[in-house]
Amino acid sequence: MSSSNQQWVITLVCDDRPGIVHAVSGAVVSAHGNITELQQFSNTDGRFFMRLQVESAVDRAELERALDALTDELAAEWQLDEVGRPLRTLVLASKAAHCLNDLLFRQRSGWLPVQIPLVLANHPDLAELTGFYGVPLEHHAVLPETKAAFEQRVLEVVEEHQIELVVLARYMQILSPELCAALAGRAINIHHSFLPGFKGANPYRQAHARGVKLIGATAHFVTSDLDEGPIIEQNVVRVDHTRSPADLVAIGQDEESRTLTQAVKLYAERRVLLDGARTIIFR
C-alpha cells in the first residue's frame, strides 16, 4: 500500500460470536483495504469490542458500504473516522490554569489531535492564557440564577461548532443532570484521586495531615453521579513525609494535567469504548 493512501480508524461493538474478525477482515479486503492495526476484546457478558486501523485507496463511501453490509448482519454499532483528524473540542474552565494550559500547549504542538475553537469559563481569570494560544475565552458568571443560561450556552456552542468532545479542565461547577444526559459519552472530567476520601476544600492539605503515600488523578466520563462516571485514565505518584502541602499541590496538579491530556488523546484517537460502567481502552 502506498503512503499516499487514506488512513482510517474503525471501531465496532456487537454481541460476541465466532467469525467476527474474519468477517471484518473480509469486508476491509473487499474495499481494497489493508489492516495496519487491530485490537479486540470480549467481555464476560458476551459483548465484543474491536478497533482497527486501515489503509485504503478507496473513498469513504465505498468503505462505508462494505462495512454497512457486514454490520447489519452483526447488529453492530460502529464508527469510521480518519486517523489523526483533530476532534472538535470545547473546554470548560474556572480559575485553575494547569489543565487548560497543558491541553492548549499540546494542541498547538500537534501532539494532541484536537481542535479547540473556544473556552467557556465561569471566571475571566484565564483569558490572558487562552489569548496567548490564540483561542478565545467566553466568560459567564455562573450563579444559581444563571446556571441554566450558562448550560444552555454550552449546548449552543456544541451545536454551532459541531463539538464532538467537552472537556472539564478543572471546571468547578456541578453539571445538571440534563446537561450530563445531553453530553453522555462525550464529556470528560478530571479530579484528584483523593475523592471520596478527602472531600471539600483543601484536599491536599487534608492529605498532608493524614500522611498519604500516594497521590494522583482520575479522568472519567461525566455522569449525573458526581465523580462516578466510567474511568478512562488514572495516574499516581509516590510521596513521603518530607513533602509540604504546597509540594503536594504542585505534584497533584502535574498528575491532573497529565492524566486529563492522556484521556483526551485516547478519546480523540478512538481508543475508548464504553462498556456499561466501565471503559475498554485500546492503547
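Reader: Which residues does E64 touch, not counting residues up to four places away in sequence?
Author: E64 touches W78 and L80, where contact means heavy atoms within 4.5 Å. Keep in mind that this is a predicted model, where local features need pLDDT of at least 70 and side-chain atom pairs count only at pLDDT 80 or more, while totals for chains, interfaces and linings use all residues. Residues are numbered from 1 along each chain as its sequence is written, and side-chain values use heavy atoms, with hydrogens and water left out.

Reader: Ok, and where is E64 found?
Author: E64 is in helix α2. Helices (H or I, at least four residues) and strands (E, at least two) are DSSP runs, numbered from the N terminus.

Reader: Is E64 buried, partly exposed or exposed?
Author: E64 counts as partly exposed, at 27% relative accessibility. Buried means under 20% relative accessible area, exposed means over 50%, and partly exposed is in between (1.4 Å probe, protein chains only).

Reader: How far apart are E64 and V28 in space?
Author: They are 9.8 Å apart, C-alpha to C-alpha, and 36 residues apart in sequence.

Reader: At what angle do α1 and α2 pack?
Author: Helix α1 (residues 20-30) and helix α2 (residues 60-74) pack at about 160°, with their axes 8 Å apart. That makes α1 roughly antiparallel to α2. On the cut-offs, angles under 35 degrees count as roughly parallel, over 145 as roughly antiparallel, 65 to 115 as roughly perpendicular and the rest as oblique. Axes are lines fitted to C-alpha atoms, for helices over the stretch in contact, and angles run from 0 to 180 degrees between N-to-C directions.

Reader: Which residues make the contact?
Author: From α1 there are I20, A23, V24, A27 and S30, and from α2 there are A66, L70 and L74. By class, the contact has seven nonpolar, one polar and no charged residues. Ala, Val, Leu, Ile, Met, Phe, Trp, Tyr, Cys and Pro count as nonpolar, Asp, Glu, Lys and Arg as charged, and the others, Gly among them, as polar.

Reader: Switching topic: how many aromatic pairs does a search of the whole structure find?
Author: The search finds four. Rings of Phe, Tyr and Trp (its six-membered ring) pair if their centres lie within 6.5 Å; planes under 30 degrees apart count as stacked, over 60 as edge-to-face and the rest as tilted. F41 and F49 have ring centres 6.5 Å apart and planes at 35°, so that pair is tilted.

Reader: Are F41 and F49 buried or partly exposed?
Author: F41 is partly exposed, with a relative accessible area of 34%, whereas F49 counts as buried at 2%.

Reader: What about F150 and Y171, stacked or edge-to-face?
Author: That pair is stacked, at 5.8 Å centre to centre with 15° between the planes. The pair links distant parts of the chain, 21 residues apart: F150 sits in helix α5 (residues 147-160) and Y171 in the loop between β8 (165-168) and α6 (177-182). F150 is buried at 3% relative accessible area, and Y171 is buried at 6%.

Reader: Last one: at what angle do α7 and α8 pack?
Author: Helix α7 (residues 203-210) and helix α8 (residues 245-268) pack at about 120°, with their axes 9 Å apart. They are therefore oblique to each other.

Reader: And which residues meet there?
Author: Y204, R205, A207 and H208 in α7 meet P245, L248, V249, G252, Q253 and E256 in α8. By class that contact has five nonpolar, three polar and two charged residues. V249 is partly exposed, with a relative accessible area of 31%.
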